[in-house]
Amino acid sequence: MRLDLVKQELAQDWSSYGEALKRALAHDNRLLSKLNGYIIDTAGKQLRPVLCLLAAQACGKVSQMSYECAAVCEIIHTATLLHDDVADNGDMRRGVPTVKAAFSPAASVLTGDYWLARGMYLLINNCNNEILGHFTKALHDLSVGEIIQMEKAEELDTTMEDYYRIIECKTASLFIAAVKSGAISAGATQKTIDKVSDYAFHLGLAFQMRDDIFDYSPKMDTGKLAGADIKERKITLPLLCAMEANPQKGEQIRKLIDGIENTVTKGEEITESDALIIGKVTEFINEYDGINKAQQILEKHISIAIESISTLPESRAKQRLVELAEYVGKRNS
């Protein structure tokens with residue numbers, strides 16, 4: 001599936017979303033305008049606004065509120081990335097320099113703050129309280145998820161339950177807000193909103209699981225540095241699956257990862273000692289089939305996501321939601 005073709009199919013709805021996004025962020029300050037332009041020009045997939053608009057089309061009639069909701073999805077997602085790049089000392093994202101690297105850490109933090117503020121302004125002034133509540137919960141969950149992940153990276157005691165909680169907060173929460181807000185803005189019934197919410201929950205989990213698999217797949221053209229998760233002491237699904245296969249050796253692997261200093265002072269640099277540890281962890285995962293087991297779990301969530309919207313009326317938008325789920329399960333970028 002090609003997301004660019006889906007955007008073309010969204011046609012005027014996608015154009016109206018883009019106008020709402022630029023209108024929301026517009027400011028007469030020259031530096032801020034330059035920063036906004038840089039961010040928009042180097043934007044990623046914009047999957048969340050795509051999901052929002054498809055949900056609106058599949059569940060009712062797209063409205064101006066739908067465009068505002070789609071803009072909020074992208075604004076909040078981007079704001080979190082701007083903050084993450086400073087927290088993680090990240091210099092590259094999607095193959096281009098981050099705002100932190102191209103401008104400064106302060107520019108990244110403050111622009112992220114501005115985007116968050118504009119997102120909240122849109123919600124308060126252009127959306128209803130129900131939608132405001134969903135995005136507020138997503139913001140809460142996003143921050144909690146990052147903090148839990150930070151704590152677990154320090155303690156190195158992540159369990160499967162911890163992992164699910166982290167990715168529910170970090171990724172699935174905004175997928176849910178995107179899809180729910182699209183459905184609500186289109187006048188969907190509560191029963192329909194519940195169905196697409198289930199879809200978004202399992203899609204969000206699968207999306208993050210696939211992203212975590214990338215860390216052990218250096219041959220994929222993902223733009224993600226191989227071994228980055230281990231470098232950051234993150235224990236994710238492929239490693240957890242391998243640890244379940246051999247708990248005793250898994251504990252040895254945890255102690256091995258503890259040899260990586262929990263710091264961001266070196267940015268994305270992987271030292272020789274880091275590379276040695278990453279290599280041993282990767283060998284352990286391959287030995288116990290961690291990647292394939294993780295992919296199997298991911299595919300179960302994709303199946304549940306697709307089943308969740310099976311009773312929605314047939315439409316091109318519904319079919320694209322199904323195809324998007326299938327794409328998330330197999331994507332290589």
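A salt bridge is a side-chain nitrogen of Lys or Arg within 4 Å of a carboxyl oxygen of Asp or Glu. The exercises below apply this to a predicted model.

**Exercise 1.** Show that Lys-137 and Asp-141 form a salt bridge, and state where the two residues lie.

Solution. 
1. The closest N and O atoms of Lys-137 and Asp-141 are 2.7 Å apart.
2. The cut-off is 4 Å, so the pair counts as a salt bridge.
3. Both residues belong to helix H8, which covers residues 129–155. They are 4 residues apart, about one turn of the helix.

**Exercise 2.** Decide for Lys-137 and for Asp-141 whether the residue is buried or exposed.

Solution. 
1. Buried means under 20% relative accessible area, and exposed means over 50%.
2. Lys-137 has a relative accessibility of 53%, so Lys-137 is exposed.
3. Asp-141 has a relative accessible area of 11%, so Asp-141 is buried.

**Exercise 3.** Classify both partners of the salt bridge between Asp-85 and Arg-93.

Solution. 
1. The N to O distance between these two side chains is 2.6 Å.
2. Asp-85 has 6% relative accessibility and is therefore buried.

**Exercise 4.** Find which parts of the chain are linked by the salt bridge between Arg-316 and Glu-9.

Solution. 
1. The side chains of Arg-316 and Glu-9 meet at 3.9 Å, N to O.
2. Arg-316 is in helix H16 (residues 316–330), while Glu-9 is in helix H1 (residues 3–10).
3. The partners are 307 residues apart, and the pair links distant parts of the chain.
4. Glu-9 has a relative accessible area of 28%, so Glu-9 is partly exposed.
5. In the whole structure there are 18 salt bridges.

**Exercise 5.** Describe the second largest pocket by its volume, its lining residues and the elements that supply them.

Solution. 
1. The volume of the second largest pocket is about 240 Å³.
2. The pocket is lined by 20 residues, and those closest to its centre are Ile-39, Thr-42, Ala-43, Thr-78 and Arg-94.
3. At least two lining residues come from each of helix H3 (30–41), helix H5 (64–87) and strand E2 (96–97).
4. H5 gives the largest share of the lining, 5 residues.
5. By type, the lining of this pocket has 11 nonpolar, 5 polar and 4 charged residues.

Technical notes:
Residues are numbered from 1 along each chain as its sequence is written. This is a predicted model: local features need pLDDT of at least 70, side-chain atom pairs count only at pLDDT 80 or more; totals for chains, interfaces and linings use all residues. Side-chain values use heavy atoms; hydrogens and water are left out. On a 1 Å grid over the protein atoms alone, a cavity is a set of points where a 1.4 Å probe fits but cannot get out, and a pocket is an open set with protein on both sides within 12 Å along at least five of seven lines; lining residues have an atom within 4 Å of a point. Grid points are joined across faces, edges and corners, and a volume is the space filled by probe spheres set on the points. Ala, Val, Leu, Ile, Met, Phe, Trp, Tyr, Cys and Pro count as nonpolar, Asp, Glu, Lys and Arg as charged, and the others, Gly among them, as polar. Buried means under 20% relative accessible area, exposed over 50%, partly exposed in between (1.4 Å probe, protein chains only).
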